[in-house]
Amino acid sequence: MIVVAGEALIDLVPQGTGALAALRPALGGGPYNTAVALGRLGSPTAFCSRVSSDAFGQALLDGLSASGVDVSLVQRGTEPTTLAVATVGADGSAAYSFYVDGTADRLFEAPSALPSGTRAVSFGTCSLVLEPGASAYEEMMRRASAQGVFTALDPNIRPGLIPDADAYRARFKNWLPSVSLLKLSAEDAEWLGGTPGEWLAAGPDAVVITRGGDGLTAFTADGEYTVPGERVEVVDTIGAGDTVNAALLHGLAVRDALSTRGLAGLGHAGWTELLAFAARAAAITCSRAGAEPPYARELEG
């Protein structure tokens, strides 16, 4: 099983142009999208979070279940669901403003243990910023790593949520010894500072950087591996990075490569095939509105 830990929220997606365009609620949150994508790809997946008992929270749980994701680790609370208002640019890129004060997911508490058979745990996005939940997720990450569980981190930086950029950057560096796979966008990498080589030296076995339509590059101790992006008519990019994250984890799982040794054994052919699969999955997500990751059948062949 792959456990995805982090927030679930509602994206409010504009249905036209201008500040007063109608907003359509959509299920979202980086970790949530990653869990849904993993479930649709066929990986046994569990979601670990704290979700509101309001109508939005129930819709989020229903969406996970519909994609085959185990929700038994989800905590519930009476606080409202976090809202993210999306702004979609002319090129389909998305930016967000957040309504997070007093919301349910901020009060997450780390579980006492991971489910039996957990092969990997994935972390990222708002859940590693908003306290007190952020410290609970950090505790969960460090504990999983200490137990030898494969850990994946997608920072998915949202600058508007980070009150002290330098403090966050320092915290990010302190996470790296507990991270097996670091995945981040080129924009995230620029904001964080540093280089793939520096990040690898700090702990991760592999670093994957996405560059939108220009493709993906994996950096390892043995070399760099790059694939181009898949050309597609972009509706929006909501959930594209989360789909990449899920596709990488799914691809590693089916190759029995969720380990330091497994990553080292991929080589050029393995990494190229894996990155191309992730690029293809993300392209499908970009071809439709909102975070709608593909199902395994859409990627066959």
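Phe-277 is buried, at a relative accessible area of 16% (buried means under 20%, exposed over 50% and partly exposed in between, with a 1.4 Å probe and protein chains only). This residue lies in helix α9, residues 267-286 (helices are DSSP runs of H or I with at least four residues, strands are runs of E with at least two, and both are numbered from the N terminus). Beyond its neighbours within four places in sequence, Phe-277 is in contact with Leu-41, Ala-247, His-250 and Leu-299, where contact means heavy atoms within 4.5 Å.

The model is predicted, so local features need pLDDT of at least 70 and side-chain atom pairs count only at pLDDT 80 or more, while totals for chains, interfaces and linings use all residues. Residues are numbered from 1 along each chain as its sequence is written, and side-chain values use heavy atoms, leaving out hydrogens and water.

A further feature is a set of salt bridges. The structure holds 12 of them, each being a side-chain nitrogen of Lys or Arg within 4 Å of a carboxyl oxygen of Asp or Glu. Arg-171 pairs with Glu-138, their closest N and O atoms being 2.7 Å apart. Because Arg-171 lies in helix α4 and Glu-138 in helix α3, this pair ties together parts 33 residues apart in sequence. Glu-138 is buried, at 14% relative accessibility, whereas Arg-171 is partly exposed, at 22%.

Arg-171 also forms a salt bridge with Glu-131, with the closest N and O atoms 3.0 Å apart. Glu-131 is in the loop between β9 (120-124) and α3 (133-146), and is partly exposed, at 32%.
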